Amino acid sequence: SAKQQDGTIYVSFQTEGINDPHEASSAQQSAAMVTELAQYEGAHLSVLEPGAYWGAWRPVLRALQSAGQRRSIPLEECLLKCVNCDKPAHFLTRYKKDADGKRTKEREIVEYDVRPIFNETPQEGPLLLENVYMPWPQISGSTLDEWQLYAARNLLTHRVGLVQGPPGTGKTYIGLLVVRTMLRNRELWRASDGDDEEAKAEAFKEPASKGGREQKEADDEGAGAHKRMAPPPPILVLCQTNHALDQFLEGMLHFEKSIVRVGGRSKSDLLQEMNLSRLTE
């Protein structure tokens with residue numbers, strides 16, 4: 001590159017699993033790599049250096065390339081442009097209705113159950129806040145200190161939240177309480193657009209039954225018998241290490257049993273039956 005004075009960089013690639021790229025057995029993989037890279041000849045590319053073995057990052061980069069071909073990416077404004085990060089999540093708002101019960105274009109904040117944050121109080125009944133963005137009531141019964149409570153509130157009320165702190169400051173503990181609170185309000189995020197329950201149910205009607213009028217009348221018996229709610233989307237928990245993931249999921253077992261552990265390096269006996277490889281046997 002220094003001799004050419006044009007910024008050209010020559011790179012030698014070696015595919016995973018090839019001990020000697022000059023061996024005949026490696027020709028097929030090497031040819032596939034060359035074919036894949038040939039389309040970029042003469043192109044101007046930006047290089048991101050991960051600082052680690054590139055093979056471990058290749059699936060992630062592939063997924064980003066695939067996502068980039070879509071019209072939109074979840075949280076695109078926040079993650080790629082760093083804008084609107086302070087806006088509320090869609091499920092925290094809903095469309096207002098007029099006097100006739102019709103949906104308007106305006107949105108309003110929904111009631112939110114924050115009972116799990118106050119974890120020393122009885123958990124049976126809800127603790128509903130009409131507006132989670134207004135000052136929270138001074139209620140005793142939480143093991144969180146002032147700053148931990150501030151962190152939990154920010155995680156629950158923003159599209160993207162970041163909690164930092166040295167070991168032992170309660171980051172994992174706060175995360176568990178936030179996840180428990182989100183699960184407590186799972187009915188609110190059945191649909192990502194924050195629509196009301198009636199609209200959600202309408203979108204997931206059961207197929208029409210066959211068998212004539214008598215069958216139809218039988219199917220319609222009971223309130224809402226012909227409607228089916230969409231299941232709430234899963235919560236995705238990502239950790240840098242297998243140990244950290246095991247620790248977090250074991251904490252979730254105290255309030256949620258529907259867990260799928262992805263990855264084969266779990267050392268937790270409590271999560272063995274929840275591992276994806278075990279569930280797909």
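A residue counts as buried under 20% relative accessible area, as exposed over 50%, and as partly exposed in between; the legends below apply these classes to a predicted model.

**View 1. A nonpolar surface patch that includes Trp57 of helix H2****.** Trp57 belongs to helix H2, which covers residues 54-68, and its relative accessibility of 39% places this residue in the partly exposed class.

**View 2. Two aromatic pairs, one tilted** **and one edge-to-face****.** Searching the whole structure for aromatic pairs gives 2. In the pair of Phe118 and Trp136, the ring centres are 6.5 Å apart and the planes stand at 40°, so the arrangement is classed as tilted. This pair links distant parts of the chain, 18 residues apart, with Phe118 in the loop between strands S3 (112-113) and S4 (128-129) and Trp136 in the loop between S4 and helix H4 (146-157); both Phe118 and Trp136 are buried. The rings of Trp147 and Tyr150 have centres 5.8 Å apart and planes at 75°, which makes the pair edge-to-face. Trp147 and Tyr150 lie 3 residues apart in helix H4, and therefore about one helical turn separates them, while Trp147 is exposed at 61% relative accessibility.

**View 3. The salt bridge of Arg159 and Glu77****.** Of the 7 salt bridges found in the whole structure, one joins the side chains of Arg159 and Glu77 at 3.9 Å, N to O. The partners are 82 residues apart and connect the loop between H4 and helix H5 (171-184), where Arg159 sits, with helix H3 (residues 76-81), which holds Glu77. Arg159, at 24% relative accessibility, is partly exposed, and Glu77, with a relative accessible area of 35%, is also partly exposed.

**View 4. The salt bridge of Arg184 and Asp113****.** The side chains of these two residues meet at 2.8 Å, N to O, and the pair links helix H5, through Arg184, to strand S3, through Asp113, across 71 residues. Arg184 is partly exposed at 29% relative accessibility, whereas Asp113 is buried at 5%.

**View 5. The salt bridge of Arg186 and Glu256****, with a further network****.** The closest N and O atoms of Arg186 and Glu256 are 3.2 Å apart. Arg186 lies in the loop between H5 and helix H6 (197-203), and Glu256, 70 residues apart from Arg186, lies in the loop between helices H8 (242-252) and H9 (276-279). Arg186 is partly exposed at 30% relative accessibility, but Glu256 is buried, with a relative accessible area of 13%.

Technical notes
Residues are numbered from 1 along each chain as its sequence is written. This is a predicted model: local features need pLDDT of at least 70, side-chain atom pairs count only at pLDDT 80 or more; totals for chains, interfaces and linings use all residues. Side-chain values use heavy atoms; hydrogens and water are left out. Patches are made of residues with over 30% relative accessible area and no salt bridge: like charges are joined within 9 Å, nonpolar side chains (Val, Leu, Ile, Met, Phe, Trp, Tyr) within 5 Å. Accessible areas come from the Shrake-Rupley method with a 1.4 Å probe; for residues, only the protein chains shown count as cover. A salt bridge is a side-chain nitrogen of Lys or Arg within 4 Å of a carboxyl oxygen of Asp or Glu. Helices (H or I, at least four residues) and strands (E, at least two) are DSSP runs, numbered from the N terminus. Buried means under 20% relative accessible area, exposed over 50%, partly exposed in between (1.4 Å probe, protein chains only). Rings of Phe, Tyr and Trp (its six-membered ring) pair if their centres lie within 6.5 Å; planes under 30 degrees apart count as stacked, over 60 as edge-to-face and the rest as tilted.
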